[in-house]
Every structure is written in C-alpha cells, then in structure tokens.
Amino acid sequence: MSPNVPAGADPYARVAEWDAEPPVPPEDEASVEAGGGREKRGRGMTFTGIAAAAVTTVLAVVVAGQVADRDGASASDARAQAAEGGRPGGGSASRTDQRAVPKETGKPAPATYGQKMAKKYPLATDLKASGSFATIPGFDKAPGSGQKFRYRVDVEKGLGLDGSLFSQAVQKTLNDKRSWAHDGARTFERVSSGKPDFVITLASPGTTADWCAKSGLDTTEDNVSCDSAATDRVMINAYRWAQGSKTYDDVLGDTAIHPYRQMLINHEVGHRLGFNHVSCSQDGSLAPVMQQQTKFLTSDGITCKPNPWVYPKG
C-alpha cells in the first residue's frame, strides 16, 4: 500500500479532496475578473491535472494491494509455486496431469501363415460357384536341383477364400523334405504364365465334380477332391480345404485342419505323379499319404493315425 495513504484510512476520501479545484487567492480572483488572469488560471488547471494523475497512481497501487491480499498469494508466491511444479492454491499445474496417458495404439499384427492355416473357414457343402478361374499371380522358384515340376495355381472366382494362402500352402507343402521333394528327388516351381506341367485348382464342390467327371471320377458321394488326369487340373475341393474332415477332427481335434490341408495337397499331387491308393497295413501306425484319409482311417480292422506326409520322418 502507498506510504502517502495512512493505514486504515479510506483511500477514496482523498479523491474528493484532491479532485476539487484549489481555491483561487484574492489577487488571482481580481485578475480573472479583469480578464488578465489567464496565465495564473492555467497554472491552476495544470496543478489539477497533476493531482488527478497522482490520485490514479495511488488508486492503482491500493487496488492491486487489496487484490493480492484477497487472493492470499503474491506474484512472487505464484512464481515460486510454478517453479516447484504446482500452481497457486496447491492445485495441479495442468488439468491433464491427473489423467491417464493414453497408450500408443496401432493396427493389430496381421495373422501369420500358421495362424491362417490353423483356422477353418465357412463354405457350404453344396456350393457351386462361377465355374471360371483366376490365376494367382507371382512366381515361386523351385528350391534344390531334383526333377523340376512347374505348376500354376488357379482359384475359382466367387469362393470367398484366400487364394494367396492356398498358393503359399501348396509351395511350402510340396517342397517340404517330408513331401515329394524328399531327399532332393523332386522340386516344385510355381508359375503364373507359360505352359505348366499341371494346374492345382481350388474350386467349389459343384465345379470340382464337373471337372472330375471329365476323367470319369465321381466326387459327389463323399464330397472329395481328385486328380482329373484327362485334363491338366488337380482339383482341390474348396469345402474340404475350408472345413477339413471328420476323420482328422475326431483324432486331432482343434489342431486337425492344418495337417489335413497338407495331406490333401500331397495326396492329389501324388496321383498326378503316378501314385495310386494304398491302405494302412499295421494297426496304430501312421496312415500312408495315398490312403483315402478323408473317407476313413480304419480298413479291414486296422486303424491308423492321420498323416499328411509321404516321408513323415523327414
């Protein structure tokens, strides 16, 4: 508070006192009446302006002091609290300080090959799709130096299945050391142009039946696949690819679909390579890959275990 205002005094009481024009001395009054007192009256007006300015300054100081007293904290207190990370009154420096910081979120990781191969997909047992095919683009070089077989992958349009996954599964399965590529005897190369040795085709049950019938084969009874030897197509029934078989499910449960798909590829390509059906000969052993495992695992009282590989021991 200003030293010119006594403590406890009303600061506004002096305003009326200072704001009034000071009394004019008698000699000045005479001069004013005579018309010659302009200079002296000017000095009186100047003094009035100075007094008003002084009053304004005093009021500013007084009001600022009262505001500081009312808030209970001076500007220096606020600066000190800010330096300590707080704000006047002990509150948080920011309204968001107490809020949980959101964790960084991103897109979920895409499913891996193994995850996709372990999943079944919906597809009707009696579906007959468009009958036309789309070739999966790209090229997968044949590994190794065995006898090379060039194949193409076609997928029937309108299936709603992942053609790229199917194509990937074919290449991985055929070139596995437990498959027909065992011991470097054969190697398989996927192409999407030129003349292949055969075309591995994923098709609906109805379309599969049409193409298998061209080679005198009936796939409708058990909804199975075939090697249509009279054509260039190895037909993989999309229902079996999507849903598997009861023979595998009963033994392997939730883990059945991946090995079943591998068996499906190896079995039908085995026919294209010239191998015929065989049945299990020893109870409790692994079924031969050329056994009709989609239909049965027990024959003539002998029960075998599901097996997708030509050479299961590698």
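# Burial, cores, disulfides and a pocket in a predicted model

Me: What makes helix 7 count as mostly covered?

Reply: In this predicted model, seven of the nine residues of helix 7 are buried. They are Pro205, Gly206, Thr207, Thr208, Ala209, Trp211 and Cys212.

Me: Against which elements do the buried residues of helix 7 pack?

Reply: Their partners are strand 1 (133-135), strand 2, strand 4, strand 5, strand 6 and helix 8.

Me: Why is leucine 202 called buried?

Reply: The term requires a relative accessible area under 20%. Leucine 202 has 0%, and therefore counts as buried. This residue belongs to strand 4.

Me: Which residues does leucine 202 touch, not counting those up to four places away in sequence?

Reply: Leucine 202 touches Asp154, Val155, Glu156, Leu159, Leu161, Phe166, Ile236, Ala238 and Trp241.

Me: Why is aspartate 218 called exposed?

Reply: Exposed means over 50% relative accessible area. The value for aspartate 218 is 56%, so the residue is exposed. Aspartate 218 sits in the loop between helix 7 and strand 5. Its C-alpha lies 9.6 Å from that of threonine 208, 10 residues apart in sequence.

Me: What makes a set of residues a nonpolar core, and which residues have the most contacts inside the largest one?

Reply: The members must be buried residues of the listed kinds, among them Leu, Ile, Phe and Trp, joined through side-chain atoms within 4.5 Å. The largest such core has 37 residues, and Leu161, Phe166, Leu174, Ile200, Leu202 and Trp241 have the most contacts inside it. Two or more residues come from each of strand 2 (147-156), helix 6 (163-174), strand 4 (198-203), strand 6 (233-237), helix 8 (238-243) and helix 10 (257-272). Phenylalanine 166 illustrates the packing: leaving aside neighbours within four places in sequence, it is in contact with Val153, Val155, Ile200, Leu202, Ile236 and Trp241. A second, separate core has six residues, including Ala203, Trp211, Cys212 and Cys226.

Me: How do you know that cysteine 212 and cysteine 226 form a disulfide?

Reply: The cut-off is a sulfur-sulfur distance within 2.5 Å. The sulfur atoms of cysteine 212 and cysteine 226 are 1.9 Å apart, and the pair is assigned as a disulfide. Cysteine 212 is in helix 7 (residues 205-213) and cysteine 226 in strand 5 (residues 226-227), 14 residues apart, and the pair links distant parts of the chain. The angle about the S-S bond is -105°, and the link is left-handed.

Me: What makes cysteine 280 and cysteine 304 a disulfide pair?

Reply: The same cut-off of 2.5 Å applies, and here the S to S distance is 1.2 Å. Cysteine 280 lies in the loop between helix 10 and strand 7 (298-299), whereas cysteine 304 is in the segment after strand 8 (302-303), so the bond ties together parts 24 residues apart in sequence.

Me: Why are cysteine 280 and cysteine 304 called buried?

Reply: The limit is under 20% relative accessible area. Cysteine 280, at 8%, therefore counts as buried. Cysteine 304, at 4%, is likewise buried.

Me: Which pattern do the disulfides follow?

Reply: The structure holds two disulfides. With bonded cysteines counted along the chain, the pattern is 1-2, 3-4.

Me: Which residues lie nearest the centre of the largest pocket?

Reply: They are Ser225, His267, Glu268, His277 and Gln292, among 20 lining residues. The volume of this pocket is about 300 Å³. Strand 5 and helix 10 are the elements that give two or more residues to the lining, and helix 10 supplies the largest share, six residues.

Me: How confident is the predictor in the model, and what is the mean pLDDT?

Reply: The mean pLDDT is 79, with 67% of residues reaching 70 or more. Over residues 1-97 the pLDDT is below 50, and this stretch has 32 contacts in the model beyond near neighbours in sequence.

Me: How many helices and strands does the protein have?

Reply: There are 10 helices and eight strands. Of the 314 residues, 36% count as buried.

Key. Residues are numbered from 1 along each chain as its sequence is written. This is a predicted model: local features need pLDDT of at least 70, side-chain atom pairs count only at pLDDT 80 or more; totals for chains, interfaces and linings use all residues. Side-chain values use heavy atoms; hydrogens and water are left out. Buried means under 20% relative accessible area, exposed over 50%, partly exposed in between (1.4 Å probe, protein chains only). Helices (H or I, at least four residues) and strands (E, at least two) are DSSP runs, numbered from the N terminus. Contact means heavy atoms within 4.5 Å. pLDDT is the predictor's confidence in each residue, from 0 to 100. On a 1 Å grid over the protein atoms alone, a cavity is a set of points where a 1.4 Å probe fits but cannot get out, and a pocket is an open set with protein on both sides within 12 Å along at least five of seven lines; lining residues have an atom within 4 Å of a point. Grid points are joined across faces, edges and corners, and a volume is the space filled by probe spheres set on the points.
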